[in-house]
Amino acid sequence: MISVRDLVVTFGHGRDAVQAVRGVSFEVAEGESFGLVGESGSGKSTVLRALSGLNRSWTGRASIGGLDVAKADRRLPHLAQMVFQDPYASLHPRHTVDRALSEPLEIHGTGDVSARVEAALADVGLGPAFRFRYPNQLSGGQRQRVAIARALMLRPKVLLLDEPTSALDVSVQAEILNLLRRLRAQQRLTMILVSHNLAVVAHMCDRLAVMNRGLVVEEMDVATLRREAPREAYTRQLLLASKGYDRAVAGRMVSFD
Amino acid sequence: MTALLEVEDLRVSFRTPTGPFHAVRGVSFALGRERLGIVGESGSGKSLTGRAIMRLLPASAQLSARRLAFDGTDLLTASPRTLRGLRGARISLVMQDPKYSLNPVMRVGEQIAEAARIHGGVSARDARRKALAMLEAVRIRDPERVYRLYPHEVSGGMGQRIMIAMMLVPEPDLLIADEPTSALDVTVQMQVLAILDDLVAQRGMGLIFISHDLDLVASFCDRVLVMYAGRVVEERAARDLAAATHPYTRGLLQSLPRIDDDRAELPTLSRDPAWLEG
Amino acid sequence: MSWRAALLSDTPRSRQEAKLGALYRGWLRFRRNRLAVLGLLIVVALVVVAAFAPWIATHDPYAQNLAQRLLPPGSAGHWLGTDEFGRDIFSRLVYGARITLYIVVLVALIAAPIGLLVGTAAGYLGGWVDAALMRLTDVFLAFPSLILALAFVAALGPGIENAVIAIALTSWPPYARIARAETLTIRNSDYIAAARLQGAGTGRILVRHVMPLCVSSLTVRVTLDMAGIILTAAGLGFLGLGAQPPMAEWGAMVSSGRRYILDQWWVATIPGLAIFVVSLAFNLLGDGLRDVLDPRQKT
């Protein structure tokens, strides 16, 4: 469904050029949920933005459902959509929920807008009462539900999730993760989930790639993660660090550059 | 042991067009030379509690308490001068975002040195030496180089460590850390926590660690207060947090995904109105 | 009370209702600023006076009566006095409101959209479009606006229409600047990214997503600039390059009254006061609007 080959993303020009992603390749099968894990600066979000088409300054090959991402095909919006990290920044402050959800349908001239907006709201667990509210009348979790509904308006096959719960409280995170799992099953979605949180990835994904400094350190299935049996030292340290504070462990932390 | 900090019936409220909003409603605790964690979700009043102790609330906030005392000094009646003397020198506050706390037109090293000089009363040369030592203590490689950088030249993680260095260099007796490591990668987070840990253990500093991360607080602190809607709903030893009895705490713990479990559905929290008063 | 509850409802039933509700909440916030309400009242009064000038004026503003020239305020039949041709000053002020309003509305209608279009396009498209549009803006900004307006009027010929065009042509660059600065902060936001991913074209993003967010800060700025526009128009009138006699324009009235300022102070002072009050009103209104229209404001 998704194929990424030798992806290199460079920011800046000439001497200031920085390679944020230095040759990343992976495949995601149809219906699979794939996690991209790493610390800040690992390049995980950069991969997602290149794959979504938001960033066009990259080399290598990337395709979704057989369509070359570099060609900005008009069919791509119907194939893949994205959910962003910060629900406070991803909704237009002057657009009602109704308008945010109608927009993709209007762009592509799809009919039956009203019924589809109501259905989409119901899908993400929001009643019709929310339809004509502005974002500032919604909580963070409700906003993220609207953002998910918006991403699903065009009935895409692929959902790209960029830290979808890291800006939310833990109790709200659980609701959103449950919602994403349910939608994935109902709509047979293929997902790529970018997160720094190993537990979230373990909960949501079938397979994952660990990234550090623009490279994939290792790929594994979620069972390996659950057994806490990764191959690479970097991943083992990440795993240890995410299990809570331990003075002895903290003293042994090393930096992987 | 006399408590370093005593807080009794602390209340913070804001006036709004729809009537007063009570953000903190009667929080009481005593802090010794220990690591006290305050956990809660956004809006629980945990950050305001930390700021109220520093008497650093927005002008629109109203503060009241039956007792608010630091090392015998009543913070409620203290003069602005006394408060200024305490802040920075004996009580420090580390905030989540270093961007707003560092002076953008001053080299970071000089800011740390200045903090050492003003609050520690040491000479300029000693202040510089202390600043460099503190940068090294927060695991910054090449402190001499970092000393000369401006805030915009350092990364978020390094900025946060610089902030912590600046707050620790006057060797405060009480450090209030509001989500000090949320912006940091887990590995750096562990290293920064180790520094705080050592300061509490070696120097007998008191630490209030405010965080939304239950696992982290449980593994790092000695004692935990769980806040909900402006009240402390549960208090217990950090290592017993898993045995929490309040339904809110239990709900929060259960709603966290874990690496080693394969629950299909995470239990979600249904908020009981009774918790507001319980 | 029920319409109020409906407006403040958290569950509007249509986009119109949502919009009305947002407007009403904005009004509630605006109302808290007493001075802004005062400004609004004066502006509304200006509009009313302009609309009903023939019924409000007591005399024909152009009717001369040399037997009754330079009467002081409070004279029988001319309670604000008369000017050097014996024309009733009150009636001329009332008709002058029409011209003042005509100028500010026309300037706002020409300058604001130009600034909005140039600024958002430059900010969103970036690259050479940005460079070209912004250098053009810089050229206009490099001249003091009154001087530039003078040059335009000199080229186009004196007259109220040409004064309006000249003022409009000199007042759009600051709007372009503001719109561009706003656009730069908006264009990298996630909601614009989301719109792009849905396949929205550049035009659609500019018109439907970027411009609505720039309009509020522009509205505030235009309102605050109204005072300046009135003063520039008055200045042009004063210099004899704006409204031409015998037109009852406030600036021209001040100008013709200045010959008598030592002995018959009211001829120049009364229209001067009118300019002052209306300019102040627009400034107060603009301040109030700024509090309401800030897009980052939370309710």
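**A walk through the chains**

Leu36(B) stands opposite Arg223(B) in strand S10 of chain B. Helices (H or I, at least four residues) and strands (E, at least two) are DSSP runs, numbered from the N terminus. This is a predicted model, in which local features need pLDDT of at least 70 and side-chain atom pairs count only at pLDDT 80 or more, while totals for chains, interfaces and linings use all residues. Residues are numbered from 1 along each chain as its sequence is written, and chains are lettered from A and ligands numbered from 1 in the order in which they are written.

Strand S3 (residues 35–39) of chain B runs parallel to strand S10 (residues 223–228) of chain B, and four bridges join them. Two strands pair if DSSP finds at least two bridges between them. In chain B, six strands form an open sheet with mixed pairing, in the order S7-S8-S9-S3-S10-S11. Its edges are strand S7 (91–94) and strand S11 (231–237) of chain B; each has a single partner strand, so one side of each lacks a neighbour in the sheet. From one strand to the next, the twist averages 15 degrees. For such angles, axes are lines fitted to C-alpha atoms (for helices over the stretch in contact), and the angles run from 0 to 180 degrees between N-to-C directions.

Next comes helix H1 (residues 46–54) of chain B. Eight of its nine residues are buried, so H1(B) is largely enclosed by the rest of the structure. A residue is buried if 20 or more other C-beta atoms lie within 10 Å of its own, exposed if 12 or fewer, and partly exposed in between, with C-beta atoms placed from the backbone. The buried residues of H1(B) include Lys46(B), Arg51(B) and Ile53(B). After H1(B) comes Arg55(B), whose phi is positive, near 55 degrees.

Chain B is assigned domain 1 (5–90 + 174–276) and domain 2 (97–171); these bounds come from an automatic or database domain assignment. Taken over C-alpha atoms, the centres of domain 1 and domain 2 of chain B are 26 Å apart. Where the two meet, domain 1 of chain B contributes 13 residues to the contact and domain 2 of chain B contributes 15 residues. H7(B) gives the most to the domain 1 side, with six residues. That side of domain 1 of chain B divides into nine nonpolar, two polar and two charged residues. Here Ala, Val, Leu, Ile, Met, Phe, Trp, Tyr, Cys and Pro count as nonpolar, Asp, Glu, Lys and Arg as charged, and the others, Gly among them, as polar.

Tyr147(B) lies in helix H5 (residues 143–147) of chain B. Tyr147(B) is buried, with 20 other C-beta atoms within 10 Å. Leaving aside neighbours within four places in sequence, Tyr147(B) is in contact with Arg107(B), Val108(B), Gly109(B), Ala131(B), Leu132(B) and Leu135(B). Two residues are in contact if their C-beta atoms, placed from the backbone, lie within 7 Å.

The chains themselves can now be put together. Two pairs of chains are in contact, and of these chains A and B share the most contacts. Chain B and chain C do not touch, and their nearest C-alpha atoms are 10 Å apart. The contact between chains A and B takes 28 residues from chain B and 28 residues from chain A. On the chain B side, helix H7 (186–203), helix H8 (214–220) and helix H9 (247–255) each supply at least two residues. H7(B) gives the most to this side, with seven residues. By class, the side of chain B that touches chain A has 13 nonpolar, eight polar and seven charged residues.

Chain A also meets chain C, in a contact that takes 30 residues from chain A and 27 residues from chain C. On the chain A side, strand S6 (80–83) and helix H3 (97–107) are the elements that give two or more residues. H3(A) gives the most, with five residues. The side of chain A that touches chain C divides into 13 nonpolar, nine polar and eight charged residues.

Chain A as a whole has 10 helices and 10 strands. Buried residues make up 51% of its 257 residues. Among contacts in chain A between residues at least 6 apart in sequence, 66% join residues at least 24 apart.
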